[in-house]
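Subject: Structure handover

Hello,

Here is the structure for you to look over. My notes on it follow below.

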Amino acid sequence: MNGLNDEEKMMELVEMTRSRFAQFIGAQKDEIAVTKNASEGINIIGNAVAWMPGDNVVLCRHVEHANNILPWLHLRDKHRIELRMVEADNGAIPCDAVTKAINSRTRIVTLSTVTMVPGFKTEMEPIAEACKRVGAFLLADASQSVGILHTDVNRLGVDGLVASSYKGLMGLYGLGFLYCRQEWADCLSPAYLARFSVDLGNAPESAPIFDSVKLRAGAPRFEIGHYNFPGVIAAYASMGQLMEIGTPAIEESVTSVANRLVSGLLDLGLPVCGGAPGHHIGSIVALGDPSAPTASPQAGRIQSLHEYLLNNQVIVSSRRGMLRFSLHLYNTADDADRVVGLAKDWLA
């Protein structure tokens, strides 16, 4: 695997990385497509469906990243489909409301396993059962969970899952993965085709293409153009390290630190989204009110705390008027205690 210019060895590494990600989420190798990012994966699935006017997509737009909203707005206008918008429940995706929104014309339900902000976990399994009853495709944006929280696509019951390698997988920008369940992949039609989308048997890459092509089996049929080899190298290495530790152990550690941080901030009287530690907490802790205007006095206080923490070398992000603490395996109880101590000093 030496040298980016050795294409044969790099292509071998692509396949090894595909296999490693499949193992990482409990899938099969042929159920994984290598993509540019999670957004590309979402668009791939959305544009592979044979839409009919009146079909619908179910989503909860208030807590989704823009890249899990924009593709569906585009498809709505292009194919005259319906977007069935479910209202968030105090910052959470409400499982019951989602299942009630699903009907016989639902083709896709698209949800984050963990929302960008406030970072609550979504109860996926009952939604998966509702999708199966009507033959709808359940698409999960796992950008905020894969690599941090243990992920098993069969337990979750999802039909598709997207992730970028630069977040929980600790890789580089410009690489992502799409999981698509085999039986779905084989009946979906890619919007685009390129050399790696088709099966030419043992023919070389430069072999001429004539009147017909045979799509690759499974999710690899969705791959377009060449691969981001540096990104593949990084993802293969980082997933190997994460697998040595084990995602169940990583999740246990991260959740413990998150709960400690939540408890400490609540003891100071700060507005932690979701309140006391519970099953909704994963690796993200948010301060603020999801329903408060970004120009509210509370938002101003949150911004002040944000600046104070940054000035004290605490890396934290501001999202939609809330302060977001994103944790991973390298964070410890001492980190949580330090943030709480700084917040106490800021309040003084």
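Contact here means heavy atoms within 4.5 Å. The model is a predicted one.

Is Ile250 buried or exposed? Its relative accessible area is 1%, so Ile250 is buried. Not counting residues up to four places away in sequence, Ile250 touches Gly147, Ile148, Leu242, Ile245, His328 and Leu329. Lys132 is another matter: 118 residues separate Ile250 and Lys132 along the chain, and their C-alpha atoms are 31 Å apart.

Next, the nonpolar cores. The largest has 78 residues. Which residues have the most contacts inside it? They are Leu265 and Phe325. Leaving aside residues up to four places away in sequence, Leu265 touches Leu270, Val272, Val285, Leu287, Phe325, Val340 and Ala343. Another core, of 25 residues, lies apart from the largest one. Among its residues are Ile42, Val162, Leu178 and Ala219.

There is also a nonpolar patch on the surface. Leu193, Ile209 and Val213 form it. Together they have about 250 Å² of accessible area. Leu193 lies in the loop between helix H7 (182–185) and helix H8 (229–245). Its relative accessible area is 46%, so Leu193 counts as partly exposed.

Now the backbone. Most residues other than glycine have a negative phi, and most peptide bonds are trans.

- Pro118 lies in the loop between strand S4 (106–112) and helix H5 (125–134).
- Asn90: phi is positive, about 50°, although Asn90 is not a glycine. The residue is in the loop between strand S3 (82–85) and helix H4 (95–101). Asn90 counts as exposed, because its relative accessibility is 67%.
- Gln313: phi is near 60°, again positive in a residue other than glycine. Its loop runs between helix H10 (297–311) and strand S9 (317–319). Gln313 counts as exposed, because its relative accessibility is 65%.

Pro94 is found in the loop between S3 and H4. At 14% relative accessibility, Pro94 counts as buried. Which residues does Pro94 touch, not counting residues up to four places away in sequence? They are Cys60, Val86, Glu87, Ala88 and Asp89. Pro94 and Thr122 are 28 residues apart along the chain, with 7.9 Å between their C-alpha atoms.

Last, the cysteines. How many disulfides does a search of the whole structure find? The search finds zero. A disulfide needs the two sulfur atoms within 2.5 Å. Cys95 is buried, with a relative accessible area of 10%. Cys187 is in no disulfide either. Its nearest cysteine sulfur is that of Cys180, 7.9 Å away. Cys187 counts as exposed, at 55% relative accessibility.

Best wishes

Terms used: Residues numbered from 1 in each chain as written. Predicted model: local features only at pLDDT ≥ 70, side-chain atom pairs only at ≥ 80, totals over all residues. Heavy atoms only, no water. Core = buried A, V, L, I, M, F, W, Y, C linked by side-chain atoms within 4.5 Å. Buried < 20%, exposed > 50% of the residue type's maximum accessible area, 1.4 Å probe, protein only. Helix = DSSP H or I, 4+ residues; strand = E, 2+ residues; numbered from the N terminus. Patch = residues over 30% accessible without salt bridge, like charges linked within 9 Å, V, L, I, M, F, W, Y side chains within 5 Å. Areas by Shrake-Rupley, 256 points an atom, 1.4 Å probe, with all protein chains shown as cover. Salt bridge = Lys/Arg side-chain N within 4 Å of Asp/Glu carboxyl O.
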